[in-house]
Amino acid sequence: MKRCEKCRTLYSDEAAVCPKCGVKEPEETEAEDRPGRAAVRDWIWLVIGIPLFIGLMYLLVYIIKLLG
C-alpha cells in the first residue's frame, strides 16, 4: 500500500497516481527520506506529549481537590 503525501489517502501499489487527488508518486530518493524524518518527528511528539498529558491530569485532579 502507498500513501499519498498530499491527501494522505492509501491506495494500491499498482496505481501510479493517487485516485483521490491525482498526484503522481514522488521519486524514490525523496520517498525514502521522508518516512524516516516523519517517524523521528512522531516519536518526539510522543515523548513530549504523553508526560505533558499526565502532568495536566495531575494538575486537574489537584485543582478539583482544592475546590472540593
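**Figure 1. Accessible surface of the predicted model.** The accessible surface of the protein amounts to about 6100 Å², and carbon and sulfur atoms account for 66% of that surface. Areas were computed by the Shrake-Rupley method with a 1.4 Å probe, and for residues only the protein chains shown count as cover. Of the 68 residues in the protein, 7% are buried (under 20% relative accessible area, with exposed being over 50% and partly exposed in between; 1.4 Å probe, protein chains only). This is a predicted model, in which local features need pLDDT of at least 70 and side-chain atom pairs count only at pLDDT 80 or more, while totals for chains, interfaces and linings use all residues. Residues are numbered from 1 along each chain as its sequence is written, and side-chain values use heavy atoms, with hydrogens and water left out.

**Figure 2. Secondary structure and confidence.** The mean pLDDT of the protein (the predictor's confidence in each residue, from 0 to 100) is 83, and 85% of the residues score at least 70. Confidence is highest in helix H1 (residues 28-67), at a mean of 87, and lowest in strand S1 (residues 2-3), at 80.

Figure 3. Thr9 lies in the loop between S1 and strand S2 (10-11). Thr9 is buried, with a relative accessible area of 18%. Apart from neighbours within four places in sequence, Thr9 is in contact (heavy atoms within 4.5 Å) with Lys2, Arg3, Cys4, Cys18 and Lys20.

Note on methods
Helices (H or I, at least four residues) and strands (E, at least two) are DSSP runs, numbered from the N terminus.
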